[in-house]
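Work through the exercises below with the sequence and the structure side by side. Try each task before reading its solution.

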Amino acid sequence: LDLESIKTLTGAIGQLRYEVTTNKTITLLSSVVDGCDNDLDLWNSLLRNSGVLLTTSHDRTVGLDHPTWFSLPWLFVECYLYRRIMDCVALSQLGNFDPFAVKKRSGLIKSESLVTQLLCFLSVSQNPQCVLSTDTLFIVFVQAALWANEFDLSLHADANHTVTVEATSLADHVDQMSQRLVVDDTRALWRFWCDRSVCHSDSSTPHVTAVILDNAGPELVADLCLAEFLLCRGLTNKVYFYPKCIPWFVSDVTPLDFDWLLTTGLTSQWFSGEVIAPLADHWSMQWRRRFDAGEFCVRKSMFWTLPCAFDELSVLDKPLHDKMAYGDVNVIIFKVMFSYVSPNFC
């Protein structure tokens, strides 16, 4: 990375922090960012609809009632914050630089105990002598993918946050964590999934599962384990993964996170432990094969980095909406912030 560009980015982030903490006026965006080439006009249109007209925080041509950081709905402003960060990256001529990459990668290695349990349990589930029923395995993998959301780094100011597993197995860990669920419809989901799978058992059309991803690190590993289980048990034939197209909410998955995980992060280059190293090499190779065979696919949409609700999908990304509503997708798993209450399936 160019040192001068890093200095420029550091200064821009410092200015952005000052604007937020002192409740300065919100401004329009100015840059097209790598990975979301078509979102600038849409973002600025949404900002104008919210009353934002300024191009810089020093512009006072529209009076004193211009929207500020604290005056607009926080969800909108928080999304805008991360898009502004990427605006700073673009203005610094840093291309697809991910300012959160180091933190995400560090978090993966610090969550070694969880990753080890995930890969060990996945390996056991593939053993022909595994005594656990398919429905039990389904519940464990679904809830493991749910609770791996603990890695959401936007919830933790501590840069040293880790996700650890004290239980002796993933199944025990999930059982302990399930006691914290307010509503648990996992068994109903299993029945629903079986009904959907049966409908496709005699069909030439493959059963497709779409996963709207949330966090990188151990949560992405958990999502891949769930996808692998679904394929191996004939519960789906193909899995579409939808990451964020740009770095988002600190730890959200980007396409580059996927590439790094399967080529470096989930290998013995990154994990040197006696137990995890061979497992990491085995499963990263297996998942690269899945992608090569088209059984796993990464699909992108800028919709996931817009400050908009799901009911606006048909307007903002009609091809994506139509594919999910009327196309080949049979089940959609939304890995989102409120998945701490329940994973969302439709």
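**Exercise 1: two crossing helices**

The crossing of H9 and H11 is left-handed, where left-handed means that the near helix is turned anticlockwise from the far one by less than a right angle, and right-handed that it is turned clockwise. This is a predicted model, in which local features need pLDDT of at least 70 and side-chain atom pairs count only at pLDDT 80 or more, while totals for chains, interfaces and linings use all residues. Residues are numbered from 1 along each chain as its sequence is written, and side-chain values use heavy atoms, with hydrogens and water left out.

Task: find which residues make the contact of H9 and H11.

Solution. Begin with the helices, which are DSSP runs (H or I, at least four residues) numbered from the N terminus. The axes of H9 and H11, which are lines fitted to C-alpha atoms over the stretch in contact, come within 12 Å and cross at roughly 65°, on a scale of angles from 0 to 180 degrees between N-to-C directions. Next, look for contact (heavy atoms within 4.5 Å): H9 contributes Val221, Leu224, Cys225, Glu228, Leu231 and Cys232, and H11 contributes Trp283, Gln286, Trp287 and Arg290.

**Exercise 2: a residue within H11**

Task: decide whether Ser284 is buried or exposed.

Solution. First locate Ser284, which is found in helix H11 (residues 276–293). Then apply the cut-offs, by which buried means under 20% relative accessible area, exposed over 50%, and partly exposed in between (1.4 Å probe, protein chains only). Ser284 has a relative accessible area of 1%, and therefore counts as buried. Finally, not counting residues up to four places away in sequence, Ser284 touches Leu262, Leu266 and Thr267.
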